[in-house]
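We will go stop by stop.

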Amino acid sequence: PAKHMHGEMVAMGLLTMLVLERKHSLPGRDEDLARVGKFFTCVGLPVSHEQAHFDGNDKTSIDMFLKMTLEQWFAHNEPFPVTAENVWKAFMEVDEVGKAFIVQHGDVAYRAIH
């Protein structure tokens, strides 16, 4: 996280939230996720674990990510329970979705600013 600006981490959090909401069948999330992912890739915000320098195999990083996420009051402002398990699953899916955004929209903007 120290390698990134606040907005870059917010971007990854927003993608995670949209994936989590899509998993719970909230209407319009497929379209929102596609639109946000395209925007993020076009302006150079991170959309994958690699771009966010996150190692999904590092237990310490995983535990810190989940602890910090679940401590935020707004993380629980959803019409379903927000748990460590469903946040982690959504965040892991973000990596796959983000890689697809990179294939579809490129990573020129990201590489230009990193």
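A crossing of two helices is right-handed if the near helix is turned clockwise from the far one by less than a right angle, and left-handed if it is turned anticlockwise. Keep that in mind for the first stop. One caution: this is a predicted model.

**Stop 1: H2 and H4**

Select helix H2 (29–43) and helix H4 (84–105). Which hand does the crossing of H2 and H4 have? It is right-handed. The axes of H2 and H4 come within 10 Å and cross at roughly 60 degrees. Angles from 65 to 115 degrees count as roughly perpendicular and those under 35 as roughly parallel, so H2 and H4 are oblique to each other.

Now show side chains. In H2, pick Leu33, Ala34, Gly37, Lys38 and Thr41; they meet Val97, Phe101, Ile102 and His105 in H4. The residues of this contact of H2 with H4 divide into five nonpolar, three polar and one charged.

**Stop 2: H1 and H4**

The axes of H1 and H4 come within 8 Å, crossing at roughly 110 degrees. H1 is therefore roughly perpendicular to H4.

On the H1 side, select Met12, Leu15, Thr16, Val19, Leu20, Arg22 and Lys23. Their partners in H4 include Asn86, Val87, Ala90, Val94 and Phe101. The residues of the contact of H1 with H4 divide into 10 nonpolar, two polar and four charged.

**Stop 3: the core**

Select Leu15, Leu33, Phe40, Phe65 and Trp88. The largest nonpolar core has 26 residues, and these five touch the most other members. H4 gives the most, with seven residues.

Zoom in on Phe40. Leaving aside its neighbours within four places in sequence, Phe40 is in contact with Ala11, Leu14, Leu15, Leu45, Pro46 and Val47.

**Stop 4**

Most residues other than glycine have a negative phi.

Select Ser25, in the loop between H1 and H2. Is Ser25 buried or exposed? The cut-off for exposed is over 50% relative accessible area; Ser25 has 63% relative accessibility, so Ser25 counts as exposed.

Finish at His53, in the loop between H2 and H3. His53 has a relative accessible area of 47%, so His53 is partly exposed.

Definitions and conventions
Residues numbered from 1 in each chain as written. Predicted model: local features only at pLDDT ≥ 70, side-chain atom pairs only at ≥ 80, totals over all residues. Heavy atoms only, no water. Core = buried A, V, L, I, M, F, W, Y, C linked by side-chain atoms within 4.5 Å. Buried < 20%, exposed > 50% of the residue type's maximum accessible area, 1.4 Å probe, protein only. Helix = DSSP H or I, 4+ residues; strand = E, 2+ residues; numbered from the N terminus. Contact = heavy atoms within 4.5 Å. Axes fitted to C-alpha atoms, helices over the stretch in contact; angles between N-to-C directions. Parallel < 35°, antiparallel > 145°, perpendicular 65-115°, else oblique. Nonpolar A, V, L, I, M, F, W, Y, C, P; charged D, E, K, R; others polar.
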